[in-house]
Structure formats: C-alpha cells, structure tokens
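Hi,

Here is the model I promised to pass on.

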Amino acid sequence: MAPTENTAPETGEPEPDAVSGLFDDTSENAELERTIGLAGGLTIGIGTMIGAGIFVFPGLAANRAGPAAALSFVIGGVIALLVALPASELATAMPRSGGGYFFVSRSLGTAAGAIVGLGLWLGLVFASAFYLVGLGHYASAAIAELGLQLPLNPVIPLAVVFAVGLTVASLFGTENTAKLQNYIVGGLLVILVLFLSYGGLDALGVFGRESVPGVFFSRGYLPVISTAGLVFTSYLGFAQVATVAGDIKNPSRSLPIAMVGSVIVVTILYVVTIFVATSAFGADHLGTLGETAIVEVAREFLGTPGAIAILVAGIFATISSANASILSASRTVYALSRDALLPDRASRINLRYGTPHIALLAAGGPILLLAATGQVAILAEVASFLHLIMYGLIAIAVIVLRRDQPSWYDPTYEMPGVPVLPGIAAVASFGLALAMQPGAIVIGVVVMAVSYGWYRYYANTVDLKGAFN
C-alpha cells in the first residue's frame with residue numbers, strides 16, 4: 001500500500017534530534033497549516049515571475065534575440081498558460097504540497113514522480129540561486145548609485161546573505177512569509193505600472209521623443225525560440241502556487257484563479273517592458289547592459305530618480321522571487337519525504353511555527369552553494385529545462401486521468417479541450433526544452449538520471465500511483 005499524505009512512511013530510523021532549541025516541538029505526523037488566501041496565492045505567482053522577467057532578463061534576452069525578445073516572452077507566456085490549465089485541474093483534485101511532483105506521482109507512477117520531484121526540488125534550487133544572484137546585482141548597483149565604494153564586488157556576498165535571511169524568515173512561519181510577499185508585490189506593482197505607463201507613452205511618441213528603430217528579427221528566427229527557453233524561468237511562479245497547495249485556504253477556488261491569473265498579468269508586463277526598453281535604446285545597446293539594463297532605461301526616461309526607483313523595485317522583485325522559490329523548494333522536499341522518496345526526518349513539522357524546518361534547510365543549503373557561483377544564465381536555463389519536463393508530464397497526467405477516470409479523481413475545475421489542449425501543452429513544453437542551449441540540456445538530463453538512480457537505490461519498492469488521503 002502506498003504511503004499517504006497523512007501518514008509518514010515507516011523507515012525504521014530512530015527519532016532524529018531537533019535541529020536546535022528553537023525547533024524542539026516537532027512532529028512527523030503534523031499537517032501544514034492553511035494560512036495563504038487567494039491574494040497570497042496571486043502574489044506568490046506574480047511575485048516569483050515578475051522579478052526575473054522585468055529586472056534581470058531584458059538585457060540578456062535582447063542580446064540573444066534582438067527586438068524579437070518580446071516574441072520570446074509571448075511564446076513563454078502561451079506555453080505557461082497552456083500548462084496552467086491542466087495544473088489547475090490537477091491542483092483542485094489533489095490540493096497537496098508538492099505540486100507537479102504530487103500530480104505526476106499519483107497519475108504516472110513512482111518512477112516518473114521521483115524524476116519530477118527531485119528534479120523540481122533541484123530546479124527550484126537553481127531558480128532561487130538565479131534570483132538571488134540577480135538580487136546581488138541590483139543591491140550592488142544601488143550601493144554604487146549612492147556613491148559608495150567597496151573593496152570587493154558585493155554581488156555574491158549579498159546573494160548569500162539574502163539566501164540565509166530568507167530561509168530563516170521562512171522557518172518562523174508561512175503566514176509571515178506570505179505577508180512579506182503581499183507587501184513586496186503590492187509596492188512593486190505600483191512602481192512598475194507608473195514606470196511602464198510613462199515609458200509606453202514615450203515609446204509611442206506622445207512626449208515627442210523618437211524611438212530607436214530596429215529590425216524585429218535582427219538575430220534571426222531560431223534565437224527567438226532558444227531565448228524563450230532562457231526567459232521561461234520567468235514563468236515558474238504559477239507552478240509554485242501549486243507547490244504550496246497544502247498551505248492554501250479554499251484551494252478549489254483559489255488555486256485556478258491564482259495560477260491562470262498570475263500568468264496573464266505577468267505576460268502583459270513582460271511584453272510591455274521589452275517594448276519600452278528596446279524603444280528607448282535599441283536591442284543592440286540594451287544587450288550590452290547586462291542584468292540591470294532596465295535601470296538604465298529608467299534613467300533615460302526619468303533621470304537619476306527613475307533609476308533609483310527601479311533599483312528599489314528590482315531589489316523588491318528579486319527578493320520576492322527568491323522568497324517564493326525557497327518556500328516552494330522546501331514544500332517539494334517535504335512532499336518527497338512524506339512519500340518515502342527521501343528520509344522521513346525531512347517531513348517533520350515544527351508545531352510552534354507550522355513549518356517543515358528540516359525541509360527548509362534542505363532547500364536553503366544547496367541554494368547558498370549555487371548562489372555563491374555567481375552564474376546567471378546557466379542557472380536560469382537549467383531551472384527552465386527541469387520545469388519544462390515537469391510541465392509536459394503534468395499535461396500528460398490530465399490526459400491519463402481523464403481516460404482512466406479513477407474513482408478518487410474528482411477535480412472541482414475541469415480544463416476545456418481535453419485531450420487536444422493538454423497534448424499541445426506537452427508537445428510545446430518538451431519542444432521548448434529541447435531547443436535550449438546544449439549545456440543546460442546536459443545538466444538537466446544528468447539531474448534526471450541521478451534522480452532516477454536515487455529512486456532505484458532508495459525507493460524502488462514504493463508505490464504511489466492511485467488514491468490518496
């Protein structure tokens with residue numbers, strides 16, 4: 001019999017000691033508290049996605065695809081929306097922590113679940129490290145804007161410090177993390193709407209300034225697809241809502257709205273951002289400005305006050321993305337542990353704060369190591385590759401469950417167009433994954449192979465497919 005969400009698997013291991021005196025009131029049978037409402041779900045989705053797409057990727061994307069980088073974001077948004085629909089159906093049928101891992105393991109079996117679950121954990125670790133490195137770049141630029149000179153490049157030290165801080169904040173309660181997310185995203189959206197409204201009107205010639213002309217497909221057609229793979233890290237937020245489904249209040253209503261709504265909102269913001277940025281500088285110059293290109297766009301429009309405002313917004317955005325990703329990575333570890341694919345100690349819940357503290361540490365530790373590398377593009381692409389594989393399997397899971405119609409499968413939301421739309425979502429997800437840079441594909445395939453090897457070594461007798469409590 002498969003272990004269920006409510007019963008920790010028996011492993012025969014002795015009861016582990018508490019991590020510290022702060023976390024000595026723990027239980028491996030306790031449940032996560034549902035403390036996140038619809039607004040919190042939306043801000044997790046929007047907050048995660050808005051950071052990279054607007055504040056890190058414009059310069060990197062323009063360097064690869066030219067003005068057609070806007071189309072790359074559209075492609076990513078369409079694929080994300082196609083996957084958000086089947087993910088919403090599965091989430092209302094299985095509102096449990098673990099998101100895509102939980103869906104795939106219950107519909108396609110333990111082996112596929114192990115590959116997706118361990119891959120999702122590591123994919124979120126890569127994504128979190130990417131966001132934290134972006135945060136380091138923005139904080140470093142803010143320090144330079146203030147005229148301060150430091151004896152060393154502060155990007156990596158700042159990324160590591162924030163990684164520690166956000167992990168510790170999550171240890172002391174999900175409700176506090178959700179409140180932090182709400183405040184950050186609220187302030188961020190105000191700054192962005194004002195900036196993009198002005199920039200959009202300026203790009204259209206309302207203020208009399210000419211836009212920089214450029215050939216739309218200046219880098220050719222194929223870079224548009226590979227760039228879509230790069231920027232797809234910007235669209236991981238909607239799946240993160242499903243990953244924390246065990247913390248969501250009224251999941252049958254909140255999950256679909258939060259997932260689909262967040263994709264629509266950020267896709268519009270991304271396209272407008274690229275349009276404004278390339279109109280201000282042209283794709284060639286924009287591509288030379290790196291991770292903080294949008295700061296120079298704001299400076300072009302509004303001078304130093306505009307640059308400072310966007311620096312502040314960029315810090316907020318990358319904190320938001322990293323905050324949500326660390327939370328989601330820990331919930332994936334928690335779900336894997338509850339299903340006996342990882343040691344059972346990782347599913348222990350601190351009863352005082354209602355958080356899986358060991359799972360949070362299992363997420364935060366690797367994130368620290370990767371953030372210390374300082375790499376940006378490769379971290380983003382590996383995260384995108386691993387998530388795209390999961391998204392393709394999520395779409396297949398809906399087709400399988402609709403065909404088999406098991407008695408336990410009773411979603412409160414059903415996506416339209418089955419099997420055609422989920423079939424398109426699966427093909428698009430796998431196709432975009434294969435169109436990415438070779439290095440990212442190789443690392444992603446290695447992660448999947450190691451995940452399968454772990455399953456064969458540690459959990460090949462675990463059967464997860466089918467009904468759950």
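Is glutamate 381 buried or exposed? Glutamate 381 is buried, at 3% relative accessibility (buried means under 20% relative accessible area, exposed over 50%, partly exposed in between, with a 1.4 Å probe and protein chains only).

Before the rest, some housekeeping: this is a predicted model, where local features need pLDDT of at least 70, side-chain atom pairs count only at pLDDT 80 or more, and totals for chains, interfaces and linings use all residues. Residues are numbered from 1 along each chain as its sequence is written, and side-chain values use heavy atoms, with hydrogens and water left out.

Salt bridges

There are seven salt bridges in the structure (a side-chain nitrogen of Lys or Arg within 4 Å of a carboxyl oxygen of Asp or Glu). Glutamate 381 makes one of them with arginine 64, with 3.0 Å between the closest N and O atoms. Because glutamate 381 is in helix H14 and arginine 64 in helix H2, this pair ties together parts 317 residues apart in sequence. Helices here are DSSP runs (H or I, at least four residues), numbered from the N terminus. Arginine 64 is partly exposed, at 23% relative accessibility.

Arginine 299 and glutamate 145 also form a salt bridge, at 2.9 Å from N to O. It joins helix H12 (residues 293-338) to helix H5 (residues 110-145), so parts 154 residues apart in sequence are tied together. Glu296 belongs with Glu145 and Arg299 in a salt-bridge network.

Aromatics

The whole structure has 15 aromatic pairs (rings of Phe, Tyr and Trp, the last by its six-membered ring, with centres within 6.5 Å; planes under 30 degrees apart are stacked, over 60 edge-to-face, the rest tilted). Phenylalanine 238 and tyrosine 391 make a tilted pair, 5.2 Å centre to centre with 35 degrees between the planes. Phenylalanine 238 sits in helix H9 (residues 237-243) and tyrosine 391 in helix H14 (residues 377-404), 153 residues apart.

Tryptophan 454 and tyrosine 458 are stacked instead, at 4.8 Å centre to centre and 15 degrees between the planes. They are four residues apart in helix H16 (residues 438-458), so about one helical turn separates them. Tryptophan 454 is partly exposed at 28%, and tyrosine 458 is partly exposed at 28% too.

Back in helix H2 (residues 57-65), the buried residues are Phe57, Pro58, Gly59, Ala61, Ala62 and Ala65. Glycine 66 follows H2, with a positive phi near 70 degrees.

Cheers

Technical notes: Helix = DSSP H or I, 4+ residues; strand = E, 2+ residues; numbered from the N terminus.
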